[in-house]
Amino acid sequence: MHLTEKNKHVYCPAPFHEQMVDSDGSIKLCCTARHAIRNDDGTEANITSNTLEEVWNNKHMQEIRQNMIDGVKPANDMCENCYASEKHSGVSSRQNELTEMNEIREELNEYVDTAIVEDLPDYYDLRFGNLCNLQCVMCDPHYSSRLMTEQEKILDLLKNNLEHINYELEKKYKEYYVWNKGEPEKYSWPANNDIFNSIVDRMAKSNCRKVYVNGGEPTLHNESLTNMLNTLIESGQASDIELWLNTNATIVDTNFYELLDEFKQIRLMLSIDGIEESFEYIRNPAKWNIVDSNIKKIINCVRNFENLSWKWRIEFHPTFQLLNLLDIDKMIEYWLDIRKDLPCYFNPVKLNDPSWYDVTIANTNIKNEIKKKLQSKFSSGDEELAKVTSYIISNLEHQEADIENDRELLLRCAEDMHEIYRKTRNIEHLDGWFKSTINQLK
């Protein structure tokens, strides 16, 4: 099938070749889908009660595929995140999927056009539960077990309406952070051998070309993850698979990275959101000196592998946010220093939620100072560096009207969250840093 005027703005390859298991076990079209796939009885499909095989061609999957073939948006705003993103910025995961599929298929724009897909998926996206050793300020309990535990303490503090806490923060916190309260058992599926083995068996039967692994922190499930990688290596599939792995780099075992090198290509994404104090505040309770040492350990390990230039792609993946704005130039310098030893990339993503850490609520003067600093410091002809600085500057210049109108309230929310964190986290040593930072940003 070739895309037509009727369906080119709706069709996405994901439902025809991909399966995703989210951190709570829910089975989805992809990471941007708003809802889980429904079983034939209307319940949500979940890896704890369903197999990937029985979901692949169930009624809901067939309905979604047929809608896309016919140029109709799937029901219940299932894919609205991508459609809205395209309307706003012209870029979306759907478009990335189309581009990637064009590169793979021999005939450009030739897509699957049947609601029942006989071939097994060739792409598996696995979010290894929410087990995590960090509680990052921009994350949520869906992807961090520490945040799920902390959530109860924070809700209790908000409920008691401490004098310095504003009611707007309570409302916004509940809107953004509260996930699946009372169902923490759903997030332990990666530790269930029967469930995990069924997923690995399914992958082994597929003509698999891509696997994405994230968490939580996936390296904490070392046994399950290692078993999956070894199975794919022993079956001979690894040499045909592009492996994507997202990690916070708090745990590094060089034997594990040697295992990764058995795959066709490796995209290693390091979640590094600051330098020194900003890093330790954002990614609590991580220690910068340990993560810095681990990054260099990874670099020293990987640089010795053969075919490094085309096989490995190492990326720094910071969320560009209010709390690292003042350090963004230092973060770029850190990346450039690492890049001297090994090709790597810096791919910042602007944080939108929680809105009190949105970088655009910083005062205009400081944003202009940062823009000028980036332009003067990094004005070389380096194309990759130019992309980074252009992205950051463009996001400093763009501001949503509602964010601008709520600026003072959101800054107050950031300050109030800090007071809460002082009661739930060991951050007294960062109190001075936070207050100095927020005063400069007001």
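## Two residues with positive phi

Asparagine 307 sits in the loop between H12 and helix H13 (308–311); helices (H or I, at least four residues) and strands (E, at least two) are DSSP runs numbered from the N terminus. Its phi is near 55°, a positive value in a residue other than glycine. Most residues other than glycine have a negative phi, and most peptide bonds are trans. Asparagine 307 counts as partly exposed because its relative accessibility is 43%; buried means under 20% relative accessible area, exposed over 50%, and partly exposed in between (1.4 Å probe, protein chains only).

Glutamate 276 also has a phi near 55°. This glutamate is found in the loop between strand E6 (265–270) and H11, and at 44% relative accessibility it counts as partly exposed.

## About the model

This is a predicted model, in which local features need pLDDT of at least 70 and side-chain atom pairs count only at pLDDT 80 or more, while totals for chains, interfaces and linings use all residues. Residues are numbered from 1 along each chain as its sequence is written, and side-chain values use heavy atoms, with hydrogens and water left out.

## Two cis prolines

Now to the peptide bonds. The one from asparagine 284 to proline 285 is cis, with omega near 0°, and proline 285 lies in the loop between helix H11 (277–282) and helix H12 (288–302). A cis bond also runs from aspartate 353 to proline 354, with omega near -5°; here the loop is that between E10 and H15.

## Helix H16 and its buried face

Buried residues in H16 include Glu384, Leu385, Val388 and Ile392. Down the helix axis, the buried residues of H16 fall within an arc of 165°, so they line one face; the arc is that of the directions from the axis to the C-beta atoms.

Exposed Glu383 and Glu397 are on the face turned away from the buried side of H16. Among the elements covering its buried residues are helix H14 (328–339) and helix H15 (364–377).

## Serine 224

Serine 224 belongs to helix H9 (residues 222–234) and, at 10% relative accessibility, counts as buried. Leaving out residues up to four places away in sequence, serine 224 touches Phe128, Pro190, Ala191 and Phe196, where contact means heavy atoms within 4.5 Å.
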